[in-house]
Amino acid sequence: MTARRQAVLLLAPTVLVLVGLFLAPQLFVLEASLARRDAYGGIVHQWGLHNYARALEPLYLGILVRSFGLALLTTAGCLLLGYPVAYWLARVCAPRWRTALLVLVILPFWTSFLVRMYAWVFLLRSEGTMNLVLARLGLGPLELLYRDAAVLLGQVYGELPFMILPLYAALERLDGSLLEAAADLGARPPRALWRVTIPLSRAGIVAGCVLVFIPSLGAFLAPDVLGGARTVYAGTLIQGQFAIARDMPFGSALSVVLALAVTALLWMFRRPLAESRPGH
């Protein structure tokens, strides 16, 4: 058996999985987005671009822009909180504790995301733990739940591990001699962090931002549970079209528009993504 045939046989299972679980569903969504909805919520296969024309109306474009804002704020919040944690784990923490602490970072994944969002509901509601503490301090109770800030809090909490892990991987393999050389040349710790550590950990920053931004753009659980559906985001809009309005063609068109927006954004930043790979 030739090496080329062996490579084809080894790649075949992966290709089948990608086609069956990614390409085929995407083609189904694309086909549904060109159809019409009948009176009973079914699909009428009369192809046209009417769903896309509706999706590009100012109302829905405003929701998309709001979703981009939420994703950007979530990414920025995760980066600001995750970088110090990852740096401490990789460069400061004693090696014997790192494994246990990394397990704590991924521990929330052992519980359903929906359950974790409802836990925040109990913490933020009017008679919840946060307001009880604020009341004891004479500062409350405050209306913390069903606000955009609560949605952002839930998003940052849910996506933070996706930022910490790539940052830790980049910082952990950072050559310590470079930091020692920076110190020998007179660079104080803040300057060494800004001029040496952060640029050399760019791969982890880019990977973490991509891993946080993309799922945050289509998030619907945190906006629905913590926001109380007061503010509509792209994820809740699409979920509502499929589950409530039973308008699968329009929901599919919104999904395609969102996917194209993410693809365009990744294409715009293709050079930083390529430069962040090892060897560049």
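Where does Tyr146 lie, and between which helices? Keep that in mind as the tour begins. The model on screen is predicted.

**Stop 1: the whole protein**

Turn the view to follow the principal axes. Along them, the C-alpha atoms fill a box of roughly 75 × 75 × 35 Å.

Next, colour by burial. The protein has 280 residues, and 34% of them count as buried.

Now display contacts between residues at least 6 apart in sequence. Of these, 67% join residues at least 24 apart.

**Stop 2: surface and charge**

The area is about 17100 Å². Carbon and sulfur atoms account for 69% of that surface.

Then select the charged residues. There are 23 positive and 14 negative charges.

**Stop 3: the cysteines**

Select the cysteines and show their sulfur atoms. A disulfide is a covalent bond between the sulfur atoms of two cysteines. The count of disulfides here is zero.

Zoom to Cys78, which takes part in no disulfide. Its nearest cysteine sulfur belongs to Cys209, 9.1 Å away.

Is Cys78 buried or exposed? Cys78 is buried, with a relative accessible area of 0%. Move on to Cys93. Cys93 also counts as buried, at 5% relative accessibility. Both cysteines are called buried because their values fall under the 20% limit.

**Stop 4: Tyr146**

Back to the opening question. Select residues 129–136, which form helix H6, and 148–172, which form helix H7. Tyr146 sits in the loop between these two helices.

Look at its backbone. Phi of Tyr146 is near 60 degrees, a positive value in a residue other than glycine. Tyr146 is partly exposed, with 35% relative accessible area.

**Stop 5: Arg246**

Select helix H12 (234–243) and helix H13 (248–268). The loop between them holds Arg246.

What is phi here, at Arg246? Phi of Arg246 is near 55 degrees, again positive in a residue other than glycine.

**Last view**

Show Tyr146 and Arg246 together. Tyr146 belongs to the loop between H6 and H7, and Arg246 to the loop between H12 and H13.

Notes. Residues numbered from 1 in each chain as written. Predicted model: local features only at pLDDT ≥ 70, side-chain atom pairs only at ≥ 80, totals over all residues. Heavy atoms only, no water. Buried < 20%, exposed > 50% of the residue type's maximum accessible area, 1.4 Å probe, protein only. Contact = heavy atoms within 4.5 Å. Areas by Shrake-Rupley, 256 points an atom, 1.4 Å probe, with all protein chains shown as cover. Lys, Arg positive; Asp, Glu negative; His and termini not counted. Charge placed at Lys NZ, Arg CZ, Asp CG, Glu CD. Disulfide = S-S within 2.5 Å. Helix = DSSP H or I, 4+ residues; strand = E, 2+ residues; numbered from the N terminus.
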